[in-house]
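This report describes one protein model for a reader who is new to structural work. Please keep the sequence and the 3D view at hand while reading.

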Amino acid sequence: MKKFSLLILCLLVLLPSVVSAHTHLSESNPIEGQVVVDELKEITLTFDGNIEKLSSMKIVKNGSELTAHQVQIEAESDL
């Protein structure tokens, strides 16, 4: 029993733990569910945490993926 307990303890210490590091959307323009009838020049997304420059995002319209011409990440000055 001691060997089994020691094995479990070693596995817990040696194996890396899984961490979820996702941030959530706090604001958007246009807002969720808004119907846009005019040509849309800009989409603004505000997250409740930092977004890394290597992050990815897909824009999908009617099942087809659209290409974003420019993606700009602006960090909050107080973060």
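## S28 and its surroundings

A polar atom of the S28 side chain lies 3.0 Å from the backbone oxygen of P30. A polar contact is a pair of N or O atoms within 3.5 Å; within protein, one atom must be able to donate a hydrogen and the other to accept it, and residues adjacent in sequence count only if both atoms are side-chain atoms. The structure is a predicted model, in which local features need pLDDT of at least 70 and side-chain atom pairs count only at pLDDT 80 or more, while totals for chains, interfaces and linings use all residues. Residues are numbered from 1 along each chain as its sequence is written, and side-chain values use heavy atoms, with hydrogens and water left out.

S28 belongs to strand 1, which covers residues 25-29. Its relative accessible area is 21%, so S28 is classed as partly exposed (buried means under 20% relative accessible area, exposed over 50%, and partly exposed in between, with a 1.4 Å probe and protein chains only). Apart from neighbours within four places in sequence, S28 is in contact with T44 and L45, where contact means heavy atoms within 4.5 Å. The C-alpha atoms of S28 and F47 are 8.8 Å apart in space, although these residues are 19 residues apart in sequence.

P30 is located in the loop between strand 1 and strand 2. The peptide bond that joins N29 and P30 is cis, with omega about 10°.

L40 is also placed in the loop between strand 1 and strand 2. Its relative accessible area is 42%, and L40 is therefore partly exposed. L40 and P30 are ten residues apart along the chain, and 9.1 Å separates their C-alpha atoms.

## A salt bridge

Side chains of opposite charge can pair when their charged atoms come close. A salt bridge is defined as a side-chain nitrogen of Lys or Arg within 4 Å of a carboxyl oxygen of Asp or Glu. By this rule, the count is one salt bridge. K41 and E39 form a salt bridge in which the closest N and O atoms are 3.4 Å apart. Both residues, K41 and E39, are exposed.

## The overall fold

The protein contains one helix and four strands, in the order α-β-β-β-β from the N terminus on. Helices (H or I, at least four residues) and strands (E, at least two) are DSSP runs, numbered from the N terminus. Of the 79 residues in the protein, 1% are buried. Among contacts between residues at least 6 apart in sequence, 21% join residues at least 24 apart.

In the loop between strand 3 and strand 4 lies N62. N62 has a positive phi of about 50°, although it is not a glycine. With a relative accessible area of 75%, N62 is exposed.

## Points for review

Which residues does S28 contact, leaving aside its neighbours within four places in sequence? They are T44 and L45.

Which residue forms a salt bridge with E39? The partner of E39 is K41.

Where is the place of N62? N62 is in the loop between strand 3 and strand 4.
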